[in-house]
Each structure stands twice: as structure tokens, then as C-alpha cells.
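Subject: Structure handover

Hello,

Here is the structure I promised you. Please open it first, then read my notes alongside it.

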Amino acid sequence: MRLFLIGGLSLVGGSVVAVVGFARSAYMTETDIRPQQPVPFSHRHHAGELGIDCRYCHSNVEMGPRAGLPPTETCMTCHSEIWSNAAMLEPVRESLARNTPIQWTRVAKLPDYVFFRHDIHIAKGVGCESCHGRIDQMALTYRAKAFTMEFCIDCHRDPAPRLRLPDHITDMAWRPTANARKEGEAIAAHEGIRFGELTHCYVCHR
Amino acid sequence: MKRRIDHQSQATAGPRVWAGIEELSDDPRLRALIEAEYPAVLELPTTARRQFLKLMGASFALAGLTGCEKSSFVAALPYVDQPANETIGLPRYYATAVLLDGYAQPVISTTHAGRPTKLDGNPDHPVTRGRSDVFMQSAVLQLYDPDRAAAPSRHGEPVNWSDVESAMGTMRENWRADQGDRVRLLLGPTTSPTLLRQIDAFRKQFPKARVHLHTTTGLEAGRQITTAVYGQAVDLHYELANCDVVVGFDEDFLGPGPDQVRNAFGWSQARRRFGDRPGNLLFMAESVPSATGALAHQRLIADARRMPALVEALASALGVAGATKPELAEAEAGWIERAADACKEKIGRSLFVSGLSGGIATALWVARINQQLGNGGETLKLTASLAGPSETGTLAALVSDINAGHVTSLIVLDCNPAYTGPGELELGAAIARVRSSLHIGLQRDETGEKCEWQLPLAHALESWSDAKAVDGTATILQPVISPFYDVKTAHQIFAMLLGETDPSSDAAVRETWRQNFGDAFEVRWRQALHDGFVEGAAPFVTVPPAADATAPPGTAGDLDIVFQPDPTIWDGRFANVGWLQELPKTLTTVTWSNVIAVSPALAKRLAAANGDHAEVAIGKRRINGPLWVMPGQADNTVALYLGYGRTRAGRVGDGLGYDAYQVRPDAEPWLTQGSLRKLDTRDDLPVTQLHHRMEGFDFAREVSPTQVKEASGHPSIDQASLYAKWPSAKNAWGMVIDLDSCIGCNACVAACTAENNVPVVGADQVRAGREMHWLRIARYYTGDIAEPRSFFEPVPCMHCEDAPCEMGCPVHATTHSPEGVNQMVYNRCIGTRTCSSYCPYKVRRFNFYDYRAPADSPTHAAHNPDVTVRSRGVMEKCTYCTQRIEAAHVAADKENRPIRDGEVVTACQQACPTKAIVFGDVNDPTSEVARLKRDGRHYVLLEEQGTRPRTTYLARWREDETESRRR
């Protein structure tokens, strides 16, 4: 009888662990997947090796909710001059010639019921790397962090140690110092971050 | 936990409040209805319970499946060449206009990624001042109507525009032979300078062609009346803001129509002139209760035929020359005496108005009284008639021409005479007889079906055009979306008729304004597009009423039959717009149907109840439809509402209600005589007035200036609570609704629907009490059924600080924000509906089904992308437009400053034409909402429940004088 109870309980406990583990697995959160793209665009090359600023292509990121994918015209500012005949870039040239958008596959996607805004996060000292990981080291882009609610709310509950000064927003190599909390609190005070108000439902869900 | 309704009569000191006549008769069906949280559950027989549970089980299983989201790796499509100033994810705003009866309703269109999702009045425009009506709010859904004509057709077979062009070439050759002698143009009213110019050009090319005007909602009747009264066709403009006293005779000037927004604004300005008493007085004599009548402090009920006599009696009391005093009933004499008293001292500060059913006789005396009291030029201004074209023939003349075989070509532009023409003229048959006929309209409707060619018209939001608002200020309409069907604008089609090949969409409009703007054309054109209007209203004219004019005597008969446009679908043109069909109509709260409104006395004579069918006979023609017993209607007057009974409106609007045009006489389109007979059949009308009932008393309050004065200095006692006071963030959002200003127009409900993606559920679901509106305009009566006082009370979520719903939810799907907003989290909701049963205000709505349109429906484009589109099985309710609050937070936080008062405007507040709704931060003592919460008329709905709601009310003013007379 006791054996039965223990067996039953461990079965229940085991299933809970399994379900939670499954829900958080890379399979479910779709991290580390490098989807097929029409052009094998390398952030490592452009952002890392060439050092092009994130905002050169994602120019919308400080103004609005979305970072925005660069219009074909942006690609062609350089690629009409260099690698202008590369076979790899054929879809880009075709897009411009036919006036049809390039069909990228989205990597960083939040569910429909999450209303995320890039502009406010950047304005308040959240770096690109905090959510997107080391983009500058990705040959093919993948989702580095699991966009679970826990991931978002951990920071919304306690933003201070994760904040950085404006000149480090796009800095991929920035690491919090040992004094991160104190520095973050200073930034938060300066930026007027509304502690305690960032975790209520309507901040992200509407 | 039995819910009771009868305790209100014992508990309240005020007059008994009732919502519907069923309540007065203590109908047992009503009791059952009220005891059920959602009435439809009642109709499930007990044996259906097992079946119900089985179905629920199945839907739970399915709900689990839908939880598995499809892959998040979806396509992302950037621009090829991103437009300058475009910020992805943020809307852009364009000034343009939509049309009602040919008049411009100037709007600002909110456009997300090239698709308009929301229209609001243009805040800079002198007519709308940022305010809206239901038609303006819903025009965006009409744009995305899946039943619009998508391509030109001939006898119903799709053709292309080059076929049309070559056919027009042949027609033009034929017309040229006899100078257009056999061509007829039939159009609805228009104020477009470009279209009027094109019509003139057409007349010049074909001098013998004749133009006929077809109006459904009174432009022609208004012209006839003013021509008889003033000697020329003029438009009347009421300056209600300058009035101390308004006396109306069957004129619903605050009701729906092109000038509703303007009138409502002026009215509310006058009403709020003083802080401690009402700013004006309204005397209304009316046969059929109207929104305006509901606000009157002295309302006289009289049959429609009595109006000329009543106004003459008043003229005689005011000493107008030539007026004789007719015989009056006691109530009539008292009303006239009080109205005359109120007006005597008010030289240039009063206004007399009359409606179309009163005809020339009433309008004549009204004009003379206005003249006598010096109101001309002060409270009543005249302009030359704005809508054209002028020198037009009538519909009857057209039909006789067709029947005599004089017409070989007929061009019908933007009107639907086969449906809206008086039944006796048999227009559909006549049109079908014409050899070549062209219908130019949004839909292949009843007329388009009868015509050889149907040419699809671009919606106003897709068009380059121009039009004038009711004050004569012109707006240049610019397209806010490129046409997604193969359509052309009226100007393009007219240019084709004038012989141009493939005219561009803006050439004709530019041409008109090039003449107007002169050398500075480009600059002024851009400025006009930016502003949304061209400075300069129509000039006022001064015309005295003709002294010797007389009115034709009226005929006497059985019953007075009055025709009125429908409050939500107007003359029928909005029949296929679901948002408008589902809006509860002012006063009746009927949805999805029209009714035959009769007085309680007549209903008693017929032994009829709401929904019983009756047959109305006018002359030889008959129709039958459902009856509605209208409290406060004149005994022998019957009201028929236009706009229903359509057969080619589309999948939403077909086969609803009855077609009042069938019995509408051509000679007497607004008031006629007829008879009524009760039938044995009945309809279950989709009525909302008894749904979502609150338990309690004194919902809508009235106070007199003396009461306010006496009560000041006695602040209301803060009710004790076992719960700790809710800790507040910097901002604490709250709302105040002024019942004195509410005119029950539904603009707030329509705006909320558009802003918050509120679904349309259909007539059957409304019958089941499942309408989804986040905001209802409750309508209450007090007093006797024959002569009640009516109240409008908008009820959104109260955002209680101690919210019962939050205590009830087993899964914390509804929670409280630090700013005091009661939040609803759709993803957590498991659909127990406990919150709704705990809510004393009955403002929560449950998605019983997935009400979303099919995946391929164009109506999805109307959705606001900042608000979740809800699925089946979740609760929803007013969020205080949280998406707008959060947008304001982001804007303010980015600039590191607090949110300013007036920066967050809810959709209902923005739409309200009388500014009855005010929203803001109650923590800021200088904010408008905080100021109003300190007003003497401020009260809390169901305060005894101790919920501490953030939405509160200002009571309606009651005249001290009325009160003393009442006792």
C-alpha cells in the first residue's frame, strides 16, 4: 500500500516535472532554431565584423513599437556598390526590380496577445543584447532567449541590475559590473522608472 | 441568492424607475429573465442539460487543441522602399471626410499600415470639433463590406472598364443626335463642387437632358417648406449655444442626421452655461418620442396633426399678427402658457423649430414667431440651400416620362430609388423598362439589379472628391486607402460620361480647386488636405418669412402616420453595416429590426404587446411589421421607420424588418393618414432594454438647483470597508459621465465598438442577451406610461476600487492595476462567468461563441491592431481604453514627464458630441475629472454596494419650477 502511494506520488510529481521541463525546453520555446532565409544574412559579418550599428538597418527601433526589418533600399545602399553581382543577393536585387518585398522568416516573434514596444525599452536603458543575445556572433540568426512570460517579468519585477547607460544600448559586449544594482538604480532614478507599476497585466496585455 | 426586483419600490424615496412596459405589468416572463444571469440559459429545457454538458466537454477538448499555437516562424515582409516619416507599428492620421446625405462629415482617419481602422471628427473643423456620430464611426466598416460591388457588371455578368467605356461612347453618340432629349440623370443630394460642376458640364453637352433629384430623408421636403415660408430655398442653422429657451414642434434636432454633431455641441454649451443651474429650457411638443423630447423639461404630447394649431396658439399668445387662438385642451393650454411666459423676455435668445411632418403650416408660424422675437440672425441663421443640384425634376415626373416612353437612357448615381422610392411609383419596374440604364453605386443593390450596367463606386475613404459640411465649409476628400476592388469615383465615371478616356482619380477635383485657389494652388491644395477643410463657411442671408404665405389645409383621417429615418441605419444605406444593425436604437433599444411604434392607449385598444404584428394600410397599399408600444407617444399617431425590408443589401442587411417605403405616399412622405389592424402573428424582437439589469434603485438621478445648494457642504460619507484602501500609483484613472448632457445618441457605443474590436453577434444572440457592447446606454422611465420622463444613462465598467468581480474569479483572470484599472486577462480566463454574476453593474460580456469573421473576410482589416481580438470562452469588458493609457505612458516616459490632463482620451469620450464623458487622473486635483467629482450633482451609481467605483455620474438637472408644478 505504501509502495503504491509512493509510486503514485512520484508518478504525479514526475509528470509535473516532465510537463514543466517540456514547456521550457528549447523545442517548445523555439530557441536555437535557424530558420531558412531567402538570403543567408549574417549578423556576425555585418554587425560583428563590419561593426554596422543596429540602428542603421533597424532604424525604427527608437521611434516606435517595432524595430522593423530594413527595406530593400537599405540593403541596396551598399549592395549596389559591393557584391553587386553576388548570386547570394539575387533575391534582394529581384525585390528591388519587381518592387516586391523580400520574404524573411521572423525569428524574434512574440504571441499576438503581447504588446511589446522597442522604443520605451531602449529609452529606459535596456540593451538590444538583453533580449536578443549575442547577435554579433550569429552567422544565421536564431532566438537566443526563450521569450517566456517569466523572461519578461523577471526584469519587470527588478529592472535595476539590467539597465545600462544610453551609450551602451547597442553594445553587444556590455556586461553588468559587480556594482550593477547600484548603477542601475541610479539610471532608473534618472529615467523615472515606475517601480512596481511595470508588472500589472495591462502593461503588456490588452 | 434569489435576486429580487420588487424591493426598489419600497426602498426608494424618489419616483419609481422602470426600464420597459413589461416591468409595469409585472410580467412573470420578465421576472424569470431577470433572475437568470444570461437569459438564454433559461430556454434550455432540463433534458437538454446532459446534451449541454456533453457539448461543453467537447469544447473543452477543442480548447486544449487551440492552445497549441502554430509555429511562430512566420513570414516578415519589409518595405522595398519605406515611405518617409513612416514609423512601423504606429498609426498615421489623415484628414478627409465621409458623407451623409451628400454633406461632408469631416474626419481624421487613423490609418495602420495603409488601412483605415478608426474615424473620428476633425478637431479643427468648425462643425465636428473632434466629435462624431454613429454613421461617422461606422463608415470604416462600410468600406470593408464584403458585399460591395467589386467590378463593373452588365446584366449581372462581370465586365471590365474598357467595355463600359466603349458602351458609353456609343451612348454618347446616340445622345448627341437629339441633344440628350431622352437622357435622364437621377441622383441623390450632393454638395460636391466638383460633381455639381460636372453635372453642369453634362447639361451643357446635352442641353435637353433632364436631371432628377431623389432624396429620402427630407432635403426636398425641407426645400419645399422653406420656399413656401421664405420665398426661396434656404438651409436653417440653429445657434443653440445662444439660446435660453428652445421651443420645438416635432423636430428632433438632437437626433441623427448631418447636423446632429453641430446641434448637440451647441446644445451642451448652452446647457452648461452656469455651474449651479441648467443653462437653458426646452419645450417640446411632439407626437412620437424622440431623443430631444426625452431631454425636454416641458414635454407636450400631441398628435402630429395638432402641430399647426399648437404653434398658432403660441403665436397668438406671443402677439404675432394674424394668429388666432384655436380651441385647446387643458394640457395644451397650460404648456402654451408656460412656453409663452418663458419666451416673452428673451428677445433674440429663444428659438422656435419645427420638423418635416409639421409641413408648411407649422413652419410658417414658427418662422413668424422667430421673426417677432428677434431670433433671426441671432439663434436662427439662414444660408442659401447648400445641397444640389438645383432645377431638378421630381421622381414622379421621371416615372411618367419613362412610362410614356420618352426615356432611352437613365443614369442613376449614388441613390437606390428602386428601394427608397415611394412604393406607389413602382420605380423598380419603371427602371427595368428603360433601354439602357446605368447604376453607379457602392453595391449592386435593388436598383443596380434592375439596371443594365452596374458601375461600382469607390467608397469616400478611397476617393478623391470634395463636399461641404452643413455650415458650408468645404472639405477636399483624399483617399486614405487605395481601392481594393475594381472601382472608380463618381467624378471619374462622370468624366467618362463627358467623353474623357481613362480619367485619373484626382484630375476633376484638382481642376475645380485650381479655379478656386488661383495662383497659390499647390500651397493651398496641400494646406487644405492637411487641415481637412477650406476656410470659409457659407454666407448667411437675411430673409423675412413671407407675410402672405398660406398653408394647404391638412386632411383628417383615422390615424396620423409619421415616417422617420431609422436612428441607426438611416434610410437603409447602412443596412449591411453590422455595427449599426446591432446598436440599440435610441428610446426603443430594438436592434436588427424596425418597428411600428404606437401609443400605449392605441396598444390597449388593439390588445397588442411589443412584437405583435400589425398591418398598416395607407391608401391601397399595405405592409405588416412588429408593433412597439412607445411610452409617451400621442394616442393617434403611428410611427413607421425607414431603412428596413431590404432585399439586396447583402448578407447582413437582407430580410430584416418591414419596408416602410412600400406604403410611403409620394405626395405626403412625412405625415399621412392610414389605418392599423392587429394580426395574430408575432415576432420575438431583439431588444436590449431589459438585459444587463442592475439591482437597486435611483440609477439615473435628477436634482434641482435648490437641492444642490442645500446639499453643498455635506460631503458624502466615505463608506466603511473591511478591505484596506487600494494603494494608488501616481495616476489614478477615473471617469465622470454627465447625465444632463447625454442625448442617447450611441456615438460612444459605436466608437467603443470600433476602437476595441467588439464583435457583432447577430439578432439571435441579442435575443439571448449576449450582445457584446462594452458600454450600454441604459434607458429608464419614471412616471406614468402615457406621459413618462425618459433618461439615458451610459454604463461602462465602473472600475471599482473594491471590485466584486476580482474577488469572484477563481483564476485571477481579472485583477487590479496600481492605477485603479480593473484589468481583464483573456488568456487566464477559463469562462466560469463568476465575475459577471458578482458584478452589480452588469457590465461584463462573455464570448459564447467565436464571433470572429471568417479568415478571408475583408472586415478583419477594420480591427484595431493595438487590441486583442477575443476568441470563444472568455470574458471581456471596458478597459478604459488601456491601449491609449499605455501609449500615453510611453510618450510621457520617453520624455521623462508626467502625463498631462487630457492626454489620455477614451474612445467614448472622444466621440461624445456633447462632451458628457470626461476621463482623467483623479489624483490630480486640477484635472477636469477631479473637478467634476467635486461638483454638486456628483453621485455614485449603487453607492450602497460599497464598491467604490472610479466611474461616477453627474445627475441631470431638474427645474425647480417643474418640481413645484408637479406637486
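Helices (H or I, at least four residues) and strands (E, at least two) are DSSP runs, numbered from the N terminus. By that definition, chain A has 10 helices and one strand. From the N terminus on, its elements run α-α-α-α-α-α-β-α-α-α-α.

Two points before you go on. This is a predicted model, in which local features need pLDDT of at least 70, side-chain atom pairs count only at pLDDT 80 or more, and totals for chains, interfaces and linings use all residues. Residues are numbered from 1 along each chain as its sequence is written, while chains are lettered from A and ligands numbered from 1 in the order in which they are written.

**Chain A**

The C-alpha trace of chain A spans about 75 × 45 × 35 Å along its principal axes. The radius of gyration is taken over C-alpha atoms, and the globule rule is 2.2 Å times the number of residues to the power 0.38. For the 206 residues of chain A the rule gives 17 Å, but the radius of gyration is 21 Å, well over that, so chain A is more spread out than a compact globule.

A residue is buried if 20 or more other C-beta atoms lie within 10 Å of its own, exposed if 12 or fewer, and partly exposed in between; C-beta atoms are placed from the backbone. In chain A, buried residues make up 20% of the 206. Two residues are in contact if their C-beta atoms, placed from the backbone, lie within 7 Å. Take the contacts in chain A with a separation of 6 or more: residues 24 or more positions apart account for 70% of them.

**Where the chains meet**

Chain B gives 36 residues to the contact and chain A gives 42. On the chain B side, strand E2 (75-76) and helix H28 (882-894) are the elements that give two or more residues. H28(B) has the largest share, six residues. The chain B side divides into 17 nonpolar, 13 polar and six charged residues. Here Ala, Val, Leu, Ile, Met, Phe, Trp, Tyr, Cys and Pro count as nonpolar, Asp, Glu, Lys and Arg as charged, and the others, Gly among them, as polar.

Strands also link the chains. Two strands pair if DSSP finds at least two bridges between them. Strand E1 (residues 104-105) of chain A is joined to E2(B) by two bridges, and the two run antiparallel. A:Trp104 has B:Ala76 as its bridge partner.

**Sheets and strands in chain B**

Which strands sit at the edges of the seven-stranded open sheet? First, the order: E7-E6-E18-E17-E16-E8-E9 (chain B), with mixed pairing. The edges are strand E7 (157-158) and strand E9 (210-213) of chain B, each pairing on one side only. Inside this order, strands E8 (residues 183-187) and E16 (residues 409-413) of chain B run parallel, joined by five bridges. One bridge pairs B:Val183 with B:Ser409.

Now a hairpin. Strands E3 (residues 92-100) and E4 (residues 103-112) of chain B run antiparallel, with nine bridges. B:Tyr93 stands opposite B:Thr110. Two residues lie between the strands, and B:Asp101 in the turn has a positive phi of about 55°.

Most residues other than glycine have a negative phi, and most peptide bonds are trans. B:Arg129 has a positive phi near 45°. Its place is the loop between strand E5 (115-121) and helix H5 (134-143) of chain B. B:Arg129 counts as partly exposed, because it has 16 C-beta neighbours inside 10 Å. Phi of B:Lys842 is also positive, near 55°. A cis peptide bond joins B:Gly388 and B:Pro389, with omega about -10°.

**A covered helix**

Is helix H24 (residues 747-755) of chain B mostly covered or mostly open? Mostly covered: nine of its nine residues are buried. Among them are B:Cys748, B:Thr753 and B:Glu755. After H24(B) comes B:Asn757, with a positive phi near 55°.

Best wishes
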